[in-house]
Amino acid sequence: MSTFDKQTKGDIFFNQRDNELDKLIDPKTGKVYSHLVKKINCMLCQSPDFTVLFTKNGFDFARCGQCGHIYVNPQFDEKATAEHYNDDSKTMEFSYDFISSDKQMEVRGELYKNFFSQLKSDIPNGKILDIGCSIGQFLKMGKDLGYDVMGLELNEKAAQYAEKKFGVKVERKLLNECNFEDNSFDIVSMFGVIEHLPDPAGVMKDVYRILKPGGVFIGICPNVNSLVCMVLHQFSKTFTGRLHLSYFSEKTLRYLFAKVGFKNENIQVGNRYTGKYSLLNYFQFLDPFGDEIDEYLPAKFREIVTNESESKKIEEKMNELGIGLKLTFIAKK
Ligand SMILES: [Zn+2]
């Protein structure tokens, strides 16, 4: 486990998650028990054509033959998924420790600050809906800046944290259970949520509907075209078939947004973070998510990649090339 995972208790969370997954795998096939999953068409374009790229922990990861979207197929059926998000499984408990750790709060705080500073001139006040608001950190920052905030969160423990610690309003509902009126929000956000949705096209249609004209949909998700995913493939932690159902690139994200009504010229997609430690470990034939080690790297290469100001330049370059670890997006209605 990496130092970052240890600091944030991510190590306990990831181990627990893997242990729970093992129980769902049929030893005869090496795949998830067939009664728990169903075959689906492409989540973005509904095409039945796909190619399996690889299998990991019992799940097949497929690329759509029509639009190129990468997604898990077959997937857990909706009932099994709902049970997972609603239950009080140990994984969710550890996940909560992980997300409320100081280090995680600091990294996310930086990201949110960045979004707010980009939105400040266009949307200095108004209503925010954060879908999958987790412990409510983004809403708290929005509230402090004078926005009228509200979150949706199915995990009871996270919702309570948001209400008690940050004093923000949270509904334990899915978006389609809320019956919000058309044109009712200035900002709708999803941070690390869109990749989990069984029906991203359906949910995005609703997001577009509830946004006011001129309002924005913002958020972040993994980048399947990141250097980490392109090098590590199935060894990348991003690929987790039970939780992450979609793997977006800038192209497929734009395709989805355009499909529900956003105009391409009103969609900004950027990217952030390098995930460089997992890559550096892998280059040295080590566990990509093990302790961070650099002793086996060639000397001159090590000098550059471990130097702080050089690393910053590398990150900027990677983001410019579109191969950063995460995609960030702002789509204006
Ligand atoms: Zn497709």
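The model is predicted, with local features needing pLDDT of at least 70 and side-chain atom pairs counting only at pLDDT 80 or more, while totals for chains, interfaces and linings use all residues. Residues are numbered from 1 along each chain as its sequence is written.

Strand β9 covers residues 185-191; helices (H or I, at least four residues) and strands (E, at least two) are DSSP runs, numbered from the N terminus. Seven of its seven residues are buried, so β9 is largely enclosed by the rest of the structure (buried: 20 or more other C-beta atoms within 10 Å of a residue's own, with C-beta atoms placed from the backbone). Strand β6 (residues 127-131) runs parallel to β9, joined by three bridges, and I128 sits opposite I187. Pairing takes at least two DSSP bridges between two strands. β9 also pairs with β10 (residues 211-222), again in the parallel sense, over six bridges; here F185 has L211 as its bridge partner. From β9 the chain goes through helix α8 (residues 200-210) to β10, a right-handed β-α-β crossover (clockwise from first strand over helix to second, with the strands pointing away from the viewer).

Turning to the helices, the axes of α5 (residues 102-119) and α6 (residues 137-144) come within 10 Å and cross at roughly 45 degrees. Axes are lines fitted to C-alpha atoms, for helices over the stretch in contact, and angles run from 0 to 180 degrees between N-to-C directions.

How values were computed:
A residue is buried if 20 or more other C-beta atoms lie within 10 Å of its own, exposed if 12 or fewer, and partly exposed in between; C-beta atoms are placed from the backbone.
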